[in-house]
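User: I would like to learn how to read a ligand site and an aromatic pair in a model of this kind. Could we go through them step by step?

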Amino acid sequence: MTQTPTNPRERLIVALDVPDVAQASKLVATLDDSVLFYKIGYQLAYAGGLSMAQDLIGAGKKVFIDLKLHDIGNTVASGVASIAKLGATFLTVHAYPQTMKAAVEASRGTGLKILAVTVLTSYDEADLKEAGYSLGVADLVAQRARQAQAIGIDGLVCSAEEAANLRAIVGQSLSLVTPGIRPAGSAVGDQKRVMTPARAIAAGADYLVVGRPIVAATDPKSAANAIVAEIAVAH
Ligand code: C5P
């Protein structure tokens, strides 16, 4: 069963999408106690972000390493073991059966939970066809979600729009982690399918990943607190 945190603040994951550790550290200091969970992706991870992850964890924060691993099983397992040693809470892998199995096995007995990315949200039917797939987006997402569940993956990354469908497929056994969150009135940017925090929670999301609405806000701490307040009353 998924364990949705009872504290709404633990359900907000802020994406540290900034170019370097100095800017990330400044943001973390500004956000202070308003944020407990951070996501480190390609941009920061490849610019010193993994040692920053250790510092954040040492300071009592939770960290989601969003490196979307995909390689031969042995290599995935070694990578997962290293990330587990950092003390991270979540790590993403692409939802290919071999990759998911290797990651789940390597994470066993550690505190690390593995999240699978079913189909990247930038892919549409034409992109899948071009990449050699015969299934459409919805069918491939559903197939990979079932495979992830059978393999013992802890959660799925999905758009809030997909969350309700995925809940119907996987029940309560997996956590759903949703980016593409925009509080009412905030800039959409390059996201195509967005939802407010309250609607994403109502659609079945356990955790919300929020980047620009907090990172680029004039007052990031107030922006984070407003989202936590919205999560607290959503159901
Ligand atoms: O700034 P914004 O709130 O759009 O940031 C969303 C974060 O979630 C980014 O770090 C982005 O890479 C990530 N993400 C996403 N869509 C996915 C998977 C991850 O936007 N399907």
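This is a predicted model: local features need pLDDT of at least 70, side-chain atom pairs count only at pLDDT 80 or more; totals for chains, interfaces and linings use all residues.

User: Which side chains place a polar atom 2.8 Å from an atom of the ligand?

Analyst: A polar contact is a pair of N or O atoms within 3.5 Å. Here a polar side-chain atom of T121 lies 2.8 Å from a nitrogen atom of the ligand, while one of R182 lies 2.8 Å from an oxygen atom of the ligand. K39 likewise has a polar side-chain atom 2.9 Å from a ligand oxygen. Taken alone the ligand exposes 460 Å², of which the protein buries 82%, and the ligand sits in the largest pocket.

User: How many aromatic pairs does the structure hold, and what describes such a pair?

Analyst: In general, the distance of the ring centres and the angle of the planes describe a pair. The structure holds five aromatic pairs. In the pair of F37 and Y207 the ring centres are 5.9 Å apart and the planes stand at 85 degrees, so this pair is edge-to-face. Because F37 lies in strand 2 (residues 37–40) and Y207 in strand 8, the pair ties together parts that are 170 residues apart in sequence.

Key: Residues are numbered from 1 along each chain as its sequence is written. Side-chain values use heavy atoms; hydrogens and water are left out. A polar contact is a pair of N or O atoms within 3.5 Å; within protein, one must be able to donate a hydrogen and the other to accept it, and residues adjacent in sequence count only if both atoms are side-chain atoms. Accessible areas come from the Shrake-Rupley method with a 1.4 Å probe; for residues, only the protein chains shown count as cover. On a 1 Å grid over the protein atoms alone, a cavity is a set of points where a 1.4 Å probe fits but cannot get out, and a pocket is an open set with protein on both sides within 12 Å along at least five of seven lines; lining residues have an atom within 4 Å of a point. A molecule sits in a cavity or pocket if more than half of its atoms lie within 2 Å of its grid points. Rings of Phe, Tyr and Trp (its six-membered ring) pair if their centres lie within 6.5 Å; planes under 30 degrees apart count as stacked, over 60 as edge-to-face and the rest as tilted. Helices (H or I, at least four residues) and strands (E, at least two) are DSSP runs, numbered from the N terminus.
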